[in-house]
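The sequence and the structure are shown below.

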Amino acid sequence: MNNKKSLEAWQKSQQFIPGGVNSPVRAYRSVGGNPLFIQRGNGAKIYDIDGNEYIDYVASWGPLILGHAHPRVLDAIQGAMGSGTSFGAPTELETDLAELIVNAVPSIEIVRLVNSGTEATMSAIRVARGYTGRDKIIKIAGCYHGHADALLAKAGSGVATFGLPDSSGVPADFTRHTLTVPFNDADAVRQTIEANPDQIACLILEPIAGNMGVIPPHDGYLQELREITAEHGIVLIFDEVITGFRVAYGGAQSLYNVTPDMTCLGKIIGGGLPVGAYGGKKEIMQSVAPLGDVYQAGTLSGNPLAVSAGIATLKTLAEPGVYEQLENLVQPLAEGLQDATKRNAIDACHNRVGSMLMLYFTDKTVVDYESAQTSNTDRYGRYFWGLLERGVYIAPSQFEAGFVSLVHTQTDIDQTVQAADAVLSQL
Ligand code: KE4
């Protein structure tokens, strides 16, 4: 595969940017090799600077459910930018996006727009702490909520002890209140709450894990968490930065009919521009400045360009039949990949919820972080490069999600399955 220009670009970018990238996963560390530099995207395709075309299943890590450069999104941005790009003052556009979100997401009665998923989750946790007056938080091993200090934590020994930093530069004190439990294990949550009575402000989780591949919640798991947290006055926060408007217009909470106290959003609600959001019950969100004493702010929060892209995206997703159309595309892809691993006698676990999916190279059923780790990541790396050479662009990491957009075609799906079959036959 000719990626000479990407290599040159990468060598230059490393002179000015750490690792040559502005987000670590883009550096291909877990699959090896040098990253592709992208020239442009159009629909379900992306094109690198060497002129290679790929069917894109990364979708900018989730936002591009309408594909690249969707005319409605571009028109919305172009329509907004003629009036200026940012005012640092309220605009009616922000109210329009907030109204769309409130009307779509069951748990959200009132919502604050921010600029990223990280801002959304760190702010939601601060609100939960301010609202409850408690300091500790519970997170799930393998769930990622952005890079706020308190969330870069790993489990200490035993459920009652303190969280430990999972990144250098995070003081132990910043994660000591962060308790970590396995996904799909409600008993571990119960035990942690019992070991820390009246001290836990919130439990935050991705209702469908999208940062250790894709892992659906076990039947009843989310409902159990809802009951346990309600019983103990703990704020239940769904981080739906990936799943919001992805798996259903109302997110995972509407798919599984479990309503948290707060929800974090990002990615899709910005239509490919920087938007995050956190919201929930009015009673809790009253804590947020200027109404309450939990401070959170942002220069470009709710800026008209990003908000216009988000509005155009959500209005398109609100149209009847959109998620059925997505399902009609993803189902044959999922079936085709399953058939391909079977046909080639490759041990694999295929997980999918709606248009987010991941294939693990393991004979185990992947239900949590521990079982996800049984995947043969070397094999995943070879699968990644084999597909790339055949014009299919999947996540350069086993522990991410794959995404199908509304503008993928049956031809794209057929080509992808053929490419996967060819690669798997040589794995
Ligand atoms: P951002 O700050 O990257 O906008 O959002 C953080 C975040 C929060 N919550 C969830 C569930 C997320 O998945 C993310 C970010 N996702 C990663 C990839 N899974 C973004 C890609 C990257 O880090 O470059």
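Is Arg190 buried, partly exposed or exposed? Arg190 is partly exposed, with a relative accessible area of 29%. The model is a predicted one, and the values given here are computed from it.

Glu224 joins Asp187 and Arg190 in one network of salt bridges that share partners.

A second pair within a helix is found in helix 1. There the side chains of Lys4 and Glu8 form a salt bridge, N to O 2.9 Å. The two residues are four apart in helix 1, about one turn of the helix. An α-helix has 3.6 residues a turn, so residues three or four places apart point the same way. Lys4 is exposed, with a relative accessible area of 56%, whereas Glu8 is partly exposed at 40%.

The pair of Arg352 and Glu327 links two elements. Their side chains meet in a salt bridge of 2.8 Å, N to O. Because Arg352 is in strand 13 and Glu327 in helix 11, this pair ties together parts that lie 25 residues apart in sequence. Arg352 is partly exposed at 27% relative accessibility, and Glu327 is partly exposed at 28%. In the whole structure, the search finds 11 salt bridges.

Next come the domains. The domain assignment divides the protein chain into domain 1, made of 4-69 + 321-424, and domain 2, which covers 71-317. Over C-alpha atoms, the centres of domain 1 and domain 2 are 25 Å apart. Contact between them involves 29 residues of domain 1 and 33 residues of domain 2.

How much area is buried between domain 1 and domain 2? The value is about 2400 Å², and carbon and sulfur atoms give 68% of it. On the side of domain 1, Tyr323, Val353 and Met356 lose the most area to domain 2, and together they account for 26% of what that side buries.

Which elements give two or more residues to the side of domain 1 that touches domain 2? They are helix 11 (322-343), strand 13 (349-353), strand 14 (356-360) and helix 12 (369-372). Strand 14 gives the most, with four residues. By class, this side of domain 1 has 22 nonpolar, four polar and three charged residues.

Helix 7, residues 221-231, shows how a helix is covered. Its buried residues are Tyr221, Leu222, Leu225, Arg226, Ile228 and Thr229. The cover over these residues includes strand 5 (136-140), helix 6 (186-195), strand 9 (200-205) and strand 10 (235-239). After helix 7 comes Gly233, which has a positive phi near 65°.

Thr313 is in helix 10, residues 304-317. Thr313 counts as buried because its relative accessible area is 2%, under the 20% limit. Leaving out residues up to four places away in sequence, Thr313 touches Ile65, Leu66, Val73, Ile268 and Gly271.

Tyr47 is in strand 2, residues 45-48, and is also buried, with a relative accessible area of 14%. Beyond residues up to four places away in sequence, Tyr47 touches Ile38, Gln39, Arg40, Asn42, Asn52 and Glu53. Tyr47 and Gln373 are 326 residues apart in sequence and 32 Å apart in space, C-alpha to C-alpha.

Ser30 is in the loop between helix 1 (4-13) and strand 1 (38-42). With 46% relative accessibility, Ser30 is partly exposed. Ser30 and Asp378 lie 348 residues apart in sequence and 8.4 Å apart in space, C-alpha to C-alpha. Apart from neighbours within four places in sequence, Ser30 is in contact with Pro396 and Ser397. A polar atom of the side chain of Ser30 is 3.0 Å from the backbone oxygen of Pro396.

Key:
Residues numbered from 1 in each chain as written. Predicted model: local features only at pLDDT ≥ 70, side-chain atom pairs only at ≥ 80, totals over all residues. Heavy atoms only, no water. Domains from an automatic or database assignment. Contact = heavy atoms within 4.5 Å. Buried area = accessible area lost by both parts, 1.4 Å probe. Nonpolar A, V, L, I, M, F, W, Y, C, P; charged D, E, K, R; others polar. Buried < 20%, exposed > 50% of the residue type's maximum accessible area, 1.4 Å probe, protein only. Polar contact = N/O pair within 3.5 Å; in protein donor to acceptor, adjacent residues only side chain to side chain. Salt bridge = Lys/Arg side-chain N within 4 Å of Asp/Glu carboxyl O.
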